[in-house]
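This report describes selected features of a protein model, with attention to its strands and helices. The sequence and the structure are shown first.

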Amino acid sequence: MEARVSHSLQFSSWINSDKVVRKPSGLLRFSEKWNEKPRHRIVISCHLQPRKAAHSDRRVQLKVSCSSHNVQASVLESGCFSASIDEIEALKNKAEEVEEYLDGRCLYLVGMMGSGKTTVGRILAETLGYSFFDCDRLIEQAVGGTTVAEIFELRGENFFRDNETEVLHKLSLMHRLVVSTGGGAVVRPINWRHMRKGISVWLDVPLEALAKRITAEGTKSRPLLHEESGDVYDKTLKRLTTLMEKRGENYANASARVSLENIAVKRKKDVCDITPTEITLEVLIQIENFLKTQESVVVL
């Protein structure tokens, strides 16, 4: 008889309860005196539930959840991802190797819409014992729960970008965060000034794979995609191509690049079949390479 076991891991991270507040203007404001404010523990749990499979190759459900009485759930969300025990062990080991050299620096994930920044960001934060923030969600909360698409429609893109810059500025003053940025955050030079206080990672996904993913999810929540008429995939790919032409050089400013095409070649699989845990592992590897490069430059 096969024994079925589930494993639970849990760790916690400290965060100030009132560091995110709203201003009447709709811009996000963070408290300047965090040390004088109460701090509350965010509990992050990982529940591993094995599926039916043989030996060490069996896959498990990796459930990442973040909870706190003082932080809204839409900022720290839960997720459920499929991963093998070997993948989870590899993530854990690589995170331990990298974490001590990070020195608490924030990590910023940049890339096109639909590139998996939020999904990978959650796993990365859980693995490193960091807190996770999604810039878009913070902006939505700052303007009273209005969605990004509605902000673009009612207030315009410039209003959104101004809020985005303020969010990045305030987050850059903190430590031990994984931040998922908006697809267009890389366009403004001032945003890079904030992100360079930490380490930025570009999730580089082939446009065809992005178009397939976004088409499957729907484009209503993507304010820069749902304006044209015609075949959804074709217009999405066309628009993504235009955006990439404008932003490609900006994404290349990131500290590290994670190419899904390279991962696909390395693992001998289709780009669309690469798992979030495999991408997260590559993120850690590329961060490690960046840190080693920095270290060698300092030595020279």
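The model is predicted, and within it five strands form an open, parallel sheet in the order β8-β9-β7-β10-β11. Because β8 (131–134) and β11 (256–259) stand at the edges with a single partner strand each, one side of each is left without a neighbour in the sheet. On average, and with direction ignored, neighbouring strands of this sheet are turned by 20° against each other.

Within the sheet, strand β7 pairs with strand β9 in the parallel sense, over three bridges, and the bridge partner of Y108 is V179 in β9. Helix α5 lies across β7, β8 and β9, and its direction is at about 170° to that of β9.

The residue ranges of these elements are as follows.

| Element | Residues |
|---|---|
| Strand β7 | 107–110 |
| Strand β9 | 177–180 |
| Helix α5 | 157–171 |
| Helix α3 | 135–142 |

How many of the eight residues of helix α3 are buried? Seven of them are, so α3 is largely enclosed by the rest of the structure; the buried residues are C135, D136, L138, I139, E140, Q141 and A142. After α3 comes G144, whose phi is positive, near 85°.

Conventions
Residues are numbered from 1 along each chain as its sequence is written. This is a predicted model: local features need pLDDT of at least 70, side-chain atom pairs count only at pLDDT 80 or more; totals for chains, interfaces and linings use all residues. Side-chain values use heavy atoms; hydrogens and water are left out. Two strands pair if DSSP finds at least two bridges between them. Helices (H or I, at least four residues) and strands (E, at least two) are DSSP runs, numbered from the N terminus. Axes are lines fitted to C-alpha atoms, for helices over the stretch in contact, and angles run from 0 to 180 degrees between N-to-C directions. Contact means heavy atoms within 4.5 Å. Buried means under 20% relative accessible area, exposed over 50%, partly exposed in between (1.4 Å probe, protein chains only).
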